[in-house]
Amino acid sequence: MGIEKHKIAVATTGSAGSATGTAVLALPASELVAVFLDFNASAPSTTDTTLKAIGGDLADITVLTVTNSATDGWYFPGEQMDDNAAAAITGAYQHPLIHQNLSIDLAQADALSPCLTAYVFVRV
């Protein structure tokens, strides 16, 4: 199992402070290890960023939500693990599963191209 690095840019359209944009990154079945979000210098601090595992026959999974921030940074998403009775295991987390595609959605931004460049690291 190796780590792969993927790059995706998200452009936004609309009015200042309410522009939106979506980009989809096709990935193999994998675990999301880390994400570096690199915002355009003009992106407003009101920008909301949501990453979701989407596609296939499975329900979408929100793996990361960053609200009201256009600050560049590293994120290491994790999902809480459950025991065999479906009870959360305190303090036990694992990397989120990406089952087909990763969607990056931006809201409350300005119209920029790109508004965000994301570097996505997955274990395949």
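Analyst: **A close look at the aromatic rings**

Phe-76 is exposed, because its relative accessible area is 63% (buried means under 20%, exposed over 50% and partly exposed in between, with a 1.4 Å probe and protein chains only). The model is predicted, so local features need pLDDT of at least 70 and side-chain atom pairs count only at pLDDT 80 or more, while totals for chains, interfaces and linings use all residues. Numbering starts from 1 along each chain as its sequence is written, and side-chain values use heavy atoms, with hydrogens and water left out.

How many aromatic pairs are there? The count comes to 4 (rings of Phe, Tyr and Trp, the last by its six-membered ring, pair if their centres lie within 6.5 Å; planes under 30 degrees apart are stacked, over 60 edge-to-face and the rest tilted). One of them joins Trp-74 to Phe-76, and this pair is stacked because the ring centres are 6.1 Å apart and the planes meet at 10°. Trp-74 counts as partly exposed, since its relative accessible area is 49%. Trp-74 also pairs with Phe-121, and here the pair is tilted, because the centres are 5.5 Å apart while the planes stand at 40°. This second pair links distant parts of the chain, for Trp-74 belongs to strand E6 (residues 73-75) and Phe-121 to strand E11, 47 residues apart (a strand is a DSSP run of E with at least two residues, numbered from the N terminus). Phe-121 is buried, because its relative accessible area is 19%. Taken together, Phe-36, Trp-74, Phe-76, Tyr-119 and Phe-121 make up one aromatic cluster.

Strand E11 covers residues 116-123 and is mostly covered, with 7 of its 8 residues buried. Strand E1 (residues 3-10) runs antiparallel to E11 and is joined to E11 by 8 bridges (two strands pair if DSSP finds at least two bridges between them).

Four strands form an open sheet in the order E2-E10-E4-E5, with antiparallel pairing. Its edge strands, each pairing on one side only, are E2 (19-26) and E5 (61-66). Within this sheet, 7 bridges join E4 (residues 48-54) to E10 (residues 101-109), and Lys-52 stands opposite Ser-103 in E10.

Thr-65 lies in strand E5 and is partly exposed, because its relative accessibility is 49%. Once neighbours within four places in sequence are set aside, Thr-65 is in contact with Thr-49 and Thr-50 (contact means heavy atoms within 4.5 Å).

Finally, His-99 sits in the loop between strand E9 (97-98) and E10. His-99 is buried, since its relative accessible area is 16%, and, not counting residues up to four places away in sequence, it touches Ala-53, Ile-54, Gly-55, Leu-58, Ala-59 and Ile-61.
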